[in-house]
Amino acid sequence: SSSSWDAAAPAPLSSRASRARPRHLAIIMDGNARWAQERSLPVNAGHERGVDALRTVTRCAAAWEVDALTVYAFSHENWKRESGEVSYLMTLLQKTLVDEVDDLVKHGVRVSVMGDLGMVTKQLREAVRNAEEKTKKNKKLLLNVALSYGGRQDVLRATRALANECAAGLLDAEDITESMIAERLSTRHLPSECREPDLLIRTSGEQRLSNFMLWELAYTELLFSSTLWPDFGETNMRDALEQYAARKRRFGARNDGNEEGAEESDEHDTS
């Protein structure tokens with residue numbers, strides 16, 4: 001299958017898309033259940049096919065020299081789903097991390113996981129720790145998995161940490177900066193130059209953020225695809241990066257002049 005690690009490498013991007021590629025790509029992987037329902041299959045079959053789509057997209061991101069890929073695997077709100085589906089997802093995530101880790105090592109993908117892992121099963125926590133440990137020296141692509149993650153909960157945690165420092169007399173409230181908040185968010189383990197995604201893709205036609213990386217997405221380009229996640233493949237990924245390259249990025253007062261994408265956008269920004 002084209003989603004297997006040994007399949008032919010994805011064809012190169014166009015020169016424009018390659019020059020203006022996102023350093024950090026974030027994806028809300030949506031539509032597994034609908035994909036299954038349309039085929040009269042159990043929801044779990046959609047989740048399994050979703051893993052194949054993630055493998056394909058990870059291979060593309062690595063081949064096209066994206067630095068970081070953050071995927072929304074399980075949200076804080078997903079805990080409200082039916083318990084059978086939740087426990088299946090926990091098992092599937094654990095199995096995926098175990099089964100894929102050798103290929104991830106071989107292909108230079110480093111895994112990191114962010115979110116409230118206190119809520120997941122012990123087996124999944126161990127699989128996460130093992131995957132992070134085994135892949136920690138890899139440099140080609142950082143695959144950052146948001147698991148039991150919520151953007152508001154993350155900001156709340158950071159705020160509480162700062163409040164505690166103020167209460168302990170270590171900090172004055174007036175001295176709190178944006179970067180102090182950023183340093184206490186789950187994304188603090190990402191390289192500082194690519195903590196904020198350049199592009200967010202959400203599949204399945206839904207057009208909302210669903211509590212994902214609310215702080216980090218402040219200047220991110222948003223792209224909504226009607227394709228259901230299990231069907232999202234190399235062609236969809238290529239189209240998304242071509243669309244991104246054609247956009248004019250404006251950072252408000254922020255100027256990332258050293259970023260390839262920013263240079264490229266200046267070139268065709270005639271305003």
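Student: Where is the place of arginine 238?
Tutor: In this predicted model, arginine 238 belongs to helix H8, which covers residues 234–246.

Student: Is arginine 238 buried or exposed?
Tutor: Arginine 238 is buried, because its relative accessible area is 18% and the limit for that class is under 20%.

Student: Which backbone oxygen atoms does the side chain of arginine 238 reach?
Tutor: The backbone oxygen of proline 12 is reached at 2.8 Å. A polar atom of the arginine 238 side chain also lies 3.0 Å from the backbone oxygen of alanine 11.

Student: And which residues is arginine 238 in contact with, leaving aside neighbours within four places in sequence?
Tutor: Those residues are Ala11, Pro12, Leu13 and Trp64.

Student: Which strands does H8 touch?
Tutor: Six strands form an open sheet with parallel pairing, in the order E3-E4-E2-E1-E5-E6. Strand E3 (109–114) and E6 stand at the edges with a single partner strand each, so one side of each has no neighbour in the sheet. From one strand to the next, the twist averages 20 degrees.

Student: How many bridges link E5 and E6?
Tutor: E5 and E6 pair in the parallel sense over four bridges. Arginine 202 stands opposite phenylalanine 224 in E6. To return to H8, this helix packs on the sheet and touches strand E1 (24–28), E5 and E6. The direction of H8 makes about 140 degrees with that of E5.

Student: What about H5, which strands does that helix touch?
Tutor: Helix H5 (residues 122–135) packs on the sheet, touching E3 and strand E4 (141–149). The direction of H5 makes about 145 degrees with that of E3.

Student: A change of topic: where is threonine 203?
Tutor: Threonine 203 is in the loop between strand E5 (199–202) and strand E6 (221–224).

Student: Is threonine 203 buried or exposed?
Tutor: Threonine 203 counts as buried because its relative accessibility is 0%.

Student: What does the side chain of threonine 203 reach?
Tutor: The side chain of threonine 203 reaches the backbone oxygen of aspartate 30 at 2.7 Å. Not counting residues up to four places away in sequence, threonine 203 touches Ile28, Met29, Asp30, Ser225, Thr227, Leu228, Trp229 and Phe232.

Student: Finally, which helix holds threonine 91?
Tutor: Threonine 91 is found in helix H4, residues 83–106. Threonine 91 is partly exposed, with a relative accessible area of 46%.

Student: What separates the C-alpha atoms of threonine 91 and isoleucine 176?
Tutor: Those two C-alpha atoms are separated by 41 Å, and the residues are 85 residues apart along the chain.

Conventions: Residues are numbered from 1 along each chain as its sequence is written. This is a predicted model: local features need pLDDT of at least 70, side-chain atom pairs count only at pLDDT 80 or more; totals for chains, interfaces and linings use all residues. Side-chain values use heavy atoms; hydrogens and water are left out. Helices (H or I, at least four residues) and strands (E, at least two) are DSSP runs, numbered from the N terminus. Buried means under 20% relative accessible area, exposed over 50%, partly exposed in between (1.4 Å probe, protein chains only). A polar contact is a pair of N or O atoms within 3.5 Å; within protein, one must be able to donate a hydrogen and the other to accept it, and residues adjacent in sequence count only if both atoms are side-chain atoms. Contact means heavy atoms within 4.5 Å. Two strands pair if DSSP finds at least two bridges between them. Axes are lines fitted to C-alpha atoms, for helices over the stretch in contact, and angles run from 0 to 180 degrees between N-to-C directions.
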